[in-house]
Amino acid sequence: MTLSRACPERSRRSLPLNNVTDALPVRGRSVRDGVRMADRADAVWLGDGETLLRPILAALVAAGLTELLLLRMLSRVGVHIPKEGLVLEGYSLLTSLGSFAFNVATVLAPLSLVALTYLLTRSARVGPAALGIATLSGLLALLFWSLVLPLVGTGPEANIAFGMTSAGLLVLLAAPYWTNGEVALARRIAVGLMVAAFLCSAYYTLSNTAYHLLGWTGSPPYGLPILGLGEALVVATGFAVFWAWGSWRWLKEWRAHKMLLALPSIVAILLLGSYLANGSTSAILALWTTGLTLYLPLPLYLASFWLYLVTVSGCLGGGQRTYEGWALLLLLVAGYNLELTYQHLLAVVAVLVLTRGAALASASASGTAAIQQARAAEAL
Amino acid sequence: MAWWATSYRKATLLLFGLVLLAAGLLTVFDLRLASSQAITLTANQVIEPVPLDDPFAAVWNQASPVEIPLSAQEVTQPMGGGSARAVTARALVDEKRIYFLLEWEDATEDLSLASQEAFRDAAAIEFPSDGGQTLPSFCMGQTNAHVDIWQWKGDWQADIDRGFASVAETYPNAHVDLYPFRDDKTFYPGWAVGNPFSQRERVSPVESLVAGGFGTLTSADVQRVAGVGRWQDGRWRVLFVRELAVGDDDGVRFSLGGSTNVAFAVWDGSRGERDGQKSVSQFTDLRIGREAESGGISTGTWILIIALLSGLLAALVAASGWFILGRGRRSP
């Protein structure tokens, strides 16, 4: 039993719990303050035990994965394959679908952030008040920039403003999580590796842009080595994610978890096969889709990716850690090199869900409880 | 059923309806609700002349260098390369010309292609032929989106600097009793029909090429790109120069204040790199001139946006503080 279930009063004001999805969303809480009009209004937003966040995030994951597969991968590979007739029509249809999915995802990403920000403002205070205010301000600033930049165009000033906001926000989200002794060490390390990798990528991009903006000649110190270090951290993240949210039991008792392991294994074998068969199409695909250059030994990437997918499969398959599963998939879609504002939003949404899930759950619970009590009153 | 539960369903349906409508409109009008945050190479505008024969000239201190990571070409045969891990790219522009300077580490200066076991160092720049309206595959473009490629060749540079390297220079100990018509073009078909690889007198070490997919790489009809490459202390510096204004069919068009995309490739001859075996980058954003840096927005507009953002942030901080502290007080 999680702390929030054992002690709902404490969960409203305490730091996040270890198992986010044990608490998000939560059914069957008692209502302390009775049904207020404000809570009824919240219930409209939060829904019947499932917040509106849930369908938005689910749709975002679906749209993100679709655009990753159809737009970033299929369209770029397929363009080099001779096609005619039905194959050409099918290819055109799929790439159009990928383009549409991309647009759906770019609309849903800020919506997810709005929903998460709203829930965060309703949640109990997490860490020092100043940190909470800074986080909320950062989230709103990121939303502002992500909506304004596509309209007004980008430049070095705008890119630095957006990139700094995004990087600062990731640190703000991760900082209380790292310092929270109630959170399992493995999860703190996993989130730390994720954010550190993003910061390495951000350093490379932002330092080059800043040099240009300031008119400094020469290249920023250690730009490419830090970019390479970030890629190594991405690989390490795969292992850490399994340590944090996976279970060795899945591998030891693999016969009992065949379904859980099947899809990740198939994907990993396909990647290995493509690498061995036609000379690393996977390498260029990795570069296109995620920004990884695959400079480390391939088995490291494969093992890390496989464990990552196993963890996602375990989170989603059991139904107990759906939000973590979605967050990990969103990280995958975001990739390592965040080249679009949309990818930044995905990364922030993913880290936000992974680090603040329990706090959001308490907000969700109040709306859930409100609607349940209202139904009970209606039934009487 | 309570009104709010019904409203929730309606709200959900309405929300997703609006999302799909917005995505549909974006697709139809070819708009994107995302902007690039990738690294950008900017061609800074300069007034003083850029020497066309000195890639180490001081004027290049006015350029903003960008380090571009490279990787081996792994899409089509012959795959391989990847010995150069990065290339530093710089660009300048004046009223008449645009200049690119590539710099990368290479322990050896490889300038000969004359023998079967020798391969030259080379470097290339690639642009979308239509100026970036459609971003093609960086691997030689695609059928509906061609690319323009400028390739500097070490052996061509040597031909210009030292004269054409014939068999006698390549194999100084070779001996023939009689070699009739040795200067008669008739007996050198490649030379006679204008094959660029067979020419003995060169104007530029840079070849301008066009491509629309694998196997379509062709020398351009009009060669307008000049350049020079110099190897010094284990590093190559290669300069590419072209006039800004060209005819419709004379290659990619640039304009002051405009933007497009650019990709790079480097070959290390001593490691046997040639053809598709090379180190390549993805497309990077290229902005031309200072006017392009702010995406066409004036400094005044930026100040206004930043002021509005600051005001918004201040209001949000105040509201957030009030909300959080207020909630804290209400909670028992």
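In this predicted model, the lining of the largest cavity draws at least two residues from each of α8 and α9 of chain A and from each of β2 (66-69) and β14 (284-288) of chain B. Helices (H or I, at least four residues) and strands (E, at least two) are DSSP runs numbered from the N terminus. Residues are numbered from 1 along each chain as its sequence is written, and chains are lettered from A in the order in which they are written. Local features need pLDDT of at least 70 and side-chain atom pairs pLDDT 80 or more, while totals for chains, interfaces and linings use all residues; side-chain values use heavy atoms, without hydrogens and water.

The largest share of that lining, 8 residues, belongs to α9(A). In total 34 residues line the cavity, and Y204(A), T205(A), N337(A), E339(A) and I39(B) lie nearest its centre. The lining divides into 17 nonpolar, 15 polar and 2 charged residues (Ala, Val, Leu, Ile, Met, Phe, Trp, Tyr, Cys and Pro count as nonpolar, Asp, Glu, Lys and Arg as charged, the others, Gly among them, as polar). The space in this cavity is about 460 Å³, and the whole structure has 4 cavities of 30 Å³ or more. A cavity here is a set of points on a 1 Å grid over the protein atoms alone where a 1.4 Å probe fits but cannot get out, and lining residues have an atom within 4 Å of a point. The volume is the space filled by probe spheres set on the points, which are joined across faces, edges and corners.

Helix α9(A) (residues 185-214) also packs against α8(A) (residues 156-178): their axes come within 9 Å and cross at roughly 160 degrees. The two are therefore roughly antiparallel (angles over 145 degrees, on a scale from 0 to 180 between N-to-C directions of lines fitted to C-alpha atoms over the stretch in contact). The crossing is left-handed, with the near helix turned anticlockwise from the far one by less than a right angle. Their contact holds 17 nonpolar, 5 polar and 3 charged residues.

On to the next helix. The axes of α9(A) and α10(A) (residues 223-245) come within 8 Å and cross at roughly 160 degrees, so this pair is roughly antiparallel. This contact has 23 nonpolar, 4 polar and 1 charged residues, and the crossing of α9(A) and α10(A) is left-handed.

Terms used
Angles under 35 degrees count as roughly parallel, over 145 as roughly antiparallel, 65 to 115 as roughly perpendicular and the rest as oblique. On a 1 Å grid over the protein atoms alone, a cavity is a set of points where a 1.4 Å probe fits but cannot get out, and a pocket is an open set with protein on both sides within 12 Å along at least five of seven lines; lining residues have an atom within 4 Å of a point.
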